Amino acid sequence: MKTCGKMVAVIAALLALAVDAGTPPKPRGQEVHLFEVKVHVPDSSTVDPEEYNYHLLATVLGSVEAARSVMYETELGVFSAFLTNNQARRLSKVPGVLEVQRREDPPVRDTDGHL
């Protein structure tokens, strides 16, 4: 009888592991989303308009290079960037930023190439 009881415990443990393995893992850290940022258009005599958006975003990310790496689109008065919710919230408080709004994230392709 002892062997049968041990076997039941082992089978129950294996079933619990199998059920847990079937659930997708939770993402670690914060998720990144696409945000659209509307900014005050600066006076072009005092600020380089082509660099203005990068400098605003760099105040949150730490460098212009980091800002360039997350920007999706940029034009005078508006840009889009991939940010976490916390980064977007901090960016909304930067002087010169008028509005930060989450856009629809671009579709993520599955590993086999399908949506």
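Visitor: Where is the place of Asn-53?
Guide: Asn-53 sits in helix α2. Helices here are DSSP runs of H or I with at least four residues, strands are E runs of at least two, and both are numbered from the N terminus.

Visitor: What should I know about the model itself?
Guide: It is a predicted model: local features need pLDDT of at least 70, side-chain atom pairs count only at pLDDT 80 or more, and totals for chains, interfaces and linings use all residues. Residues are numbered from 1 along each chain as its sequence is written, and side-chain values use heavy atoms, with hydrogens and water left out.

Visitor: Back to Asn-53. Buried or exposed?
Guide: Asn-53 counts as buried, at 3% relative accessibility. Buried means under 20% relative accessible area, exposed means over 50%, and partly exposed is in between (1.4 Å probe, protein chains only).

Visitor: Which residues does Asn-53 touch?
Guide: Leaving aside residues up to four places away in sequence, Asn-53 touches Val-39, Met-71, Thr-74, Glu-75, Val-78 and Phe-79. Contact means heavy atoms within 4.5 Å.

Visitor: Which other residues of α2 are buried?
Guide: Besides Asn-53, they are Tyr-52, Tyr-54, Leu-56, Leu-57, Ala-58 and Val-60. The buried residues of α2 pack against β1, α3, β2, β3, α4 and β4.

Visitor: How far apart are the end C-alpha atoms of α2?
Guide: They are 19 Å apart, which agrees with the 18 Å that its 13 residues should span at 1.5 Å a residue. The expected span is 1.5 Å times one less than the number of residues.

Visitor: What follows α2?
Guide: Gly-62 does, and its phi is positive, near 105°.

Visitor: New topic. What is the order of the strands in the sheet?
Guide: The order is β2-β3-β1-β4, in an open sheet of four strands with antiparallel pairing. The edge strands are β2 (71–75) and β4 (97–102), and each pairs on one side only. Two strands pair if DSSP finds at least two bridges between them.

Visitor: How many bridges join β1 to β4?
Guide: Five bridges join β1 (residues 32–39) to β4. Val-37 stands opposite Val-100 in β4.

Visitor: And how many bridges pair β1 and β3?
Guide: Seven, in the antiparallel sense. Lys-38 stands opposite Val-78 in β3.

Visitor: Then β2 and β3, how many bridges?
Guide: Four, again antiparallel. Met-71 has Ala-81 in β3 as its bridge partner. The hairpin of β2 and β3 has two residues between the strands, and Gly-77 there takes a positive phi near 95°.

Visitor: How many residues of β3 are buried?
Guide: Six of its seven residues are buried, so β3 is mostly covered. Ser-80 is in strand β3. Ser-80 is buried, with a relative accessible area of 2%.

Visitor: What does Ser-80 touch?
Guide: Not counting residues up to four places away in sequence, its contacts include Leu-34, Phe-35, Glu-36, Tyr-72 and Arg-103.

Visitor: Is Tyr-72 buried or partly exposed?
Guide: Tyr-72 counts as partly exposed, at 42% relative accessibility. Phe-82 is partly exposed too, at 29%.

Visitor: Now the core. How many residues are in the largest nonpolar core?
Guide: It has 20 residues, and Val-39, Leu-57, Phe-79, Leu-83, Leu-91 and Val-97 touch the most other members. Such a core is a set of buried Ala, Val, Leu, Ile, Met, Phe, Trp, Tyr and Cys residues joined through side-chain atoms within 4.5 Å.

Visitor: Which element gives the most to this core?
Guide: α2 does, with six residues.

Visitor: Last one. Where is Val-94 found?
Guide: Val-94 is in the loop between α4 and β4. Val-94 counts as buried, at 13% relative accessibility. Leaving aside residues up to four places away in sequence, Val-94 touches Leu-56, Thr-59 and Val-60.
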